[in-house]
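Here is a short tour for someone meeting this chain for the first time. Have a look at it first, and then we'll walk through it piece by piece.

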Amino acid sequence: MFFEGSADGGVGVCRPAVGGHGLRPPPATLVAPARRTDERPAPALQRLIYASAATPETAADMAGVLDDILQAGRACNAALGVTGALLVCDGWFLQLLEGPKESVRQVYGAVSSDRRHTDLRLIENRPAAVRQFGDWSLCCGVFRPDDEAFAGEPAMRDGFRPETLTPASSLGLLSILRDLQHGAGAGGLDSARPAA
């Protein structure tokens, strides 16, 4: 569900009329605030999290598919001001997209029509105060449900089950990926591949 504000974002203010002969000013009138034409308000930041299942064909060539996703996704996301993370686990994708609302919609529109995955489940779509993954146009990691990185993570207690994920648990899992990426340095995690 998307919530839209007013078309121009303007707010009326009450101002007394100037003038008169020392008498009480006439009743206030609503006046639209002046807008500078050289300033544009920063676009509202949107966060969208979804999970989806890899098709059997995608799962069979996950390394190649991830290379394609990373190459295309990084270029597109950077051009649109979208950042985020993609976690791959047990044949499922968990992705967070954040950026200007219209850009996030555009990226998710393309993602949702991609035939390499099915069963899209929207976990969260809401305004966000700050970016959680501002360092990456797309950060990616491939893990097994029993990976020690997730040891003690409540969302992985019974394996990776996207149907049980909440916005908070999804963000927690993706934050682990972010933290591991920070620790991996320049090499990053995007070269990680599923075990054969």
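## Starting with one arginine

Let's begin at Arg 161, which counts as partly exposed at 35% relative accessibility. In this report, buried means under 20% relative accessible area, exposed means over 50%, and partly exposed is anything in between, worked out with a 1.4 Å probe and protein chains only. The side chain of Arg 161 meets that of Glu 163 in a salt bridge, at 3.3 Å from N to O. A salt bridge here is a side-chain nitrogen of Lys or Arg within 4 Å of a carboxyl oxygen of Asp or Glu.

Before going further, a word on the ground rules: this is a predicted model, in which local features need pLDDT of at least 70 and side-chain atom pairs count only at pLDDT 80 or more, while totals for chains, interfaces and linings use all residues. Residues are numbered from 1 along each chain as its sequence is written, and side-chain values use heavy atoms, with hydrogens and water left out.

## More salt bridges

Glu 163 has another partner too: its side chain meets that of Arg 121 in a salt bridge of 3.9 Å, N to O. This pair links distant parts of the chain, with Glu 163 in the loop between strand 7 (139–143) and helix 4, and Arg 121 in strand 6 (residues 117–127), 42 residues apart. Glu 163 is partly exposed at 46% relative accessible area, and Arg 121 is partly exposed at 27%.

A search of the whole structure turns up eight salt bridges. One of them joins Arg 105 to Glu 102, with their closest N and O atoms 3.2 Å apart. Why are these two separated by about one helical turn? Because they sit three residues apart in helix 3 (residues 101–112). Arg 105 is partly exposed, at 26% relative accessible area, and so is Glu 102, at 48%.

## The overall layout

Now for the bigger picture. The chain has four helices and seven strands, in the order β-β-β-α-α-β-β-α-β-β-α along the sequence. Helices (H or I, at least four residues) and strands (E, at least two) are DSSP runs, numbered from the N terminus.

Of the 196 residues in the chain, 40% count as buried. The accessible surface comes to about 11500 Å², and 55% of that belongs to carbon and sulfur atoms; these areas come from the Shrake-Rupley method with a 1.4 Å probe, with only the protein chains shown counting as cover for residues. Contact means heavy atoms within 4.5 Å. Among contacts with a separation of 6 or more, 75% are between residues 24 or more positions apart.

What about strand 5 (92–100)? Nine of its nine residues are buried, so strand 5 is largely enclosed by the rest of the structure. Two strands pair if DSSP finds at least two bridges between them. Strand 5 runs antiparallel to strand 3, with nine bridges joining the two, and Tyr 50 stands opposite Gln 95 in strand 5.

Strand 4 is also antiparallel to strand 5, through seven bridges. Strands 4 and 5 form a hairpin with two residues between them, and Asp 90 in the turn has a positive phi of about 55 degrees.

## Two nonpolar cores

A nonpolar core is a set of buried Ala, Val, Leu, Ile, Met, Phe, Trp, Tyr and Cys residues joined through side-chain atoms within 4.5 Å. The largest one has 24 residues, and those with the most contacts inside it are Leu 87, Leu 94, Phe 160, Leu 173 and Leu 174. Strand 3 (45–54), strand 4 (83–89), strand 5, strand 7 and helix 4 each supply at least two of its residues. The largest share, five residues, comes from helix 4. A second, separate core of 12 residues includes Leu 86, Val 88, Phe 93 and Leu 138.

Leaving out residues up to four places away in sequence, Leu 173 touches several others, including Leu 87, Leu 94, Phe 150 and Phe 160. Ser 175 is found in helix 4 (residues 167–184), and Ser 175 is buried, at 13% relative accessible area. Its C-alpha lies 8.0 Å from that of Gln 132, although Ser 175 and Gln 132 are 43 residues apart in sequence.
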